[in-house]
Amino acid sequence: MNFGERSGLWMKKNLFSSPKESIVSIILGSIIFAAISKLLNWMLLSATWTGSAEVCRANSGFCWPFLWEKMSLILFGLYPREYLWRPILTVIAFVVLMFMSFDKKRWGLNLLINWLVLGFWTLFFLRGGMFGLHYIESDSWGGLPLTLLLFTFGLLGAYPLGIFLALGRRSDLIIIKWICIGFIELIRGVPLISVLFMASVLFPLFLPEGVVFEKYWRAQIAFILFMGAYMAEVVRGGLQAISKGQTEAAKALGLSSPQTQIFIILPQALRIVIPPTVSTAIGLFKDTSLVLIIALFDLLGSTKSALKDSSWLGFSVEAYVFVGLIYYFFCSSLSRLSRKMERELSVVKR
Amino acid sequence: MSLEKQGVATGWNFLSQESGFEIGETLIEYWSDETYLKALWVGLLNTVYVALIGNVLAVLVGLFIGVFSMSPNWMISRICRFYVEIARNIPLLLQLFFWYSLFNELLPAVDQAYSLGDMVFLSQRGLKFPWFMAGHWEIPTLSGFDFTGGGTLTPEFLSLIMGLVFYTGAYNAEIVRAGIESIPRGQWEAAQSLGLTRIQMLIKVIIPQSMQVAIPPMISQLLNLSKNSSLAVAIGFPDFVTIANTTLNQTGQAVEVISLIMIIYLFMSLSTSFIANLYHRSIAHKGAER
């Protein structure tokens, strides 16, 4: 069978299996064709490529000059222009490590350590103040690097916190058990905004006088606490899936209770819940956009501030499509990673 | 201690003070000379209203898309998967801004509103439609700078609902799809041999059984939508968090206001999951009896 025959058969089976299906396929096909050509027309053919806001307004298509003009503000916020290479390097490092994580051979403790290093690398490059790098205060961090920083540290903090909370929830000590349950249920019952409000408005009121805690760090801690509660529920699912026989066998071998958890139970439990762990991580990535409500300029926050420029009013669709694609790129890469892990780890090879 | 030093008022007295702000859309009558307590109550009603409508629509979208993503027609299932993929990988807040900006930038001004038979009007001011008021049907008419009479859905409300439904609908669709996939092939074949059409098979055989698998994650999506409705504060819809936020800014009573937000949502989450679990248990019980 040649390619033509094969695709003919495929179309007969999947698109034209009956007269009714054929009508549906033809109608849908023409709608999709019309939508795609309209989109291409808007973004390319009738788009404005150069000129000012007035030229864009006279045209109806996509306004590229707006993107050229605001690109660095959207991507890097108000970071000083002469040091822009630093945030650029951190973004590149993040993307490289994300794609390295796709390689099955690298999965393991080393990869985790690499992510930890990446977190501190990002922080070091954004902040500076050491090894001859000029110090930049956290109020001027912004755009994509801030989003990635919130995500990386959020995940690195929330994962261990989640494990502790999940173990604490199963503890024999009643007090620890109820503190963990209370914390998890409280956090999961309230919206993220209220936790962020708490970090930005409430927390500074309780600091002793003269102590200043930068807003970025307050938001970062809020994210770790919030996501920790969600991670705890994910980890708990894994712990519940491990049969009691494992604990008993470990005890019979003379392992102490912490040894049992660390060497026997956790490695198995965490492996089972890798897919929901990554979904929670994707949720965290999307949720970092909420920091704009407490006036931090992450990717979405700096986009909003780019839209406020009075000489470029009225191009928010362009801006949102652009940052939407960036978010889509990161989130869909992470979910592809999750699907790959699920596939590779579903057949347990030991 | 340090709260008093910083001049922050404490206590719940502020609730009985005059709020002094207007609220754009309310379900009950409210004036700016009424108390903060009344204003917060108005906001709470708006939150419940959005959560109810949003959840009903999101479940319908989820059922619809979830069923169609299993369609044997390649084009239908691709479109459904494409929608789910887009909706789940873009932050909800960005989606809300996007829908809201469509109202401001793509829709015509009030005097050039799109109209449907001169009864329903869509413009930057939102959707105006005939509504039963004070004993008779009122049709919105343009007078001056805005429509008068009839019912209104504001751009803030519409974009909040669209964003929440578009986002959560995709998650619900995946849950419905997983539910349908959990039903063994034998059930499909048995239904087919009884001579049922595909739609009858789905409604009478497959969907009722897949509810067992689908309801627990669906409950957590119901809760997610309700909690996410608090993002209304970013596009200016007067939900509970928006009004609480204004209250906080005016009175400065951060401790009280933020704990109020947390208590209200905690109560909503716990009671929703309590009721939903009772319902789920009753269904599971029925299943066991069969």
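The model is predicted; local features need pLDDT of at least 70 and side-chain atom pairs count only at pLDDT 80 or more, while totals for chains, interfaces and linings use all residues. Residues are numbered from 1 along each chain as its sequence is written, with chains lettered from A and ligands numbered from 1 in the order in which they are written.

**Stop 1: the interface**

Display both chains and select the residues of each that touch the other. The selection comprises 38 residues of chain A, in contact with 36 residues of chain B. Two residues are in contact if their C-beta atoms, placed from the backbone, lie within 7 Å. On the chain A side, the elements giving two or more residues are helices H2 (19-45), H8 (174-189), H9 (192-205) and H15 (316-346). H15(A) gives the most to this side, with 10 residues. Helices (H or I, at least four residues) and strands (E, at least two) are DSSP runs, numbered from the N terminus.

Colour this side of chain A by residue class: there are 23 nonpolar, 12 polar and three charged residues. Ala, Val, Leu, Ile, Met, Phe, Trp, Tyr, Cys and Pro count as nonpolar, Asp, Glu, Lys and Arg as charged, and the others, Gly among them, as polar.

**Stop 2: the domains of chain A**

Select residues 1-47 of chain A for domain 1, then 63-346 for domain 2. These bounds come from an automatic or database domain assignment. The C-alpha centres of the two domains of chain A lie 40 Å apart.

**Stop 3: H9 and H10 of chain A**

Next, select H9(A) together with helix H10 (residues 215-241) of chain A; the two pack at an angle of about 145°, with their axes 9 Å apart. Axes are lines fitted to C-alpha atoms, for helices over the stretch in contact, and angles run from 0 to 180 degrees between N-to-C directions. The crossing of H9(A) and H10(A) is right-handed. A crossing is right-handed if the near helix is turned clockwise from the far one by less than a right angle, and left-handed if anticlockwise.

Show the side chains at this contact. From H9(A) they include A:Leu192, A:Val195 and A:Phe203, and from H10(A) they include A:Lys215, A:Arg218 and A:Phe226. The contact of H9(A) with H10(A) divides into 11 nonpolar, one polar and two charged residues.

**Stop 4: H4 and H14 of chain A**

Move to helix H4 (residues 64-76) and helix H14 (residues 299-307) of chain A, which pack at about 145° with their axes 7 Å apart. The crossing of H4(A) and H14(A) is right-handed. A:Lys70, A:Leu73 and A:Ile74 of H4(A) meet A:Ser302, A:Thr303 and A:Ala306 of H14(A). By class, this contact has three nonpolar, two polar and one charged residues.

Centre the view on A:Leu307, which is found in H14 of chain A. A:Leu307 counts as buried because it has 20 C-beta neighbours inside 10 Å. A residue is buried if 20 or more other C-beta atoms lie within 10 Å of its own, exposed if 12 or fewer, and partly exposed in between, with C-beta atoms placed from the backbone. Leaving aside residues up to four places away in sequence, A:Leu307 touches A:Ser316 and A:Ala319. From C-alpha to C-alpha, A:Leu307 and A:Lys70 are 8.8 Å apart in space, although 237 residues apart in sequence.

**Stop 5: chain B as a whole**

Chain B holds 10 helices and eight strands, and its C-alpha trace spans about 75 × 55 × 40 Å along its principal axes. Of the 290 residues in chain B, 38% are buried. Among contacts in chain B between residues at least 6 apart in sequence, 61% join residues at least 24 apart.

**Stop 6: the sheet in chain B**

Select the four strands of the open, antiparallel sheet in chain B, ordered S1-S2-S3-S8. Two strands pair if DSSP finds at least two bridges between them. The edge strands, each pairing on one side only, are S1 (114-116) and S8 (151-153) of chain B. The twist averages 15° from one strand to the next.

Zoom in on S1(B) and S2 (residues 120-123) of chain B, which three bridges join in the antiparallel sense. In S2(B), B:Leu122 is the bridge partner of B:Tyr114, and B:Phe121 is that of B:Ser115. Three residues lie between the strands of this hairpin, where B:Gly117 takes a positive phi near 60°. The covered face of S2(B) has B:Phe121 and B:Ser123, and the uncovered one B:Val120 and B:Leu122.

Finish at S3 (residues 126-129) of chain B, which pairs antiparallel with S2(B) over three bridges. B:Gly126 in S3(B) is the bridge partner of B:Ser123, and a hairpin of two residues joins S2(B) to S3(B).
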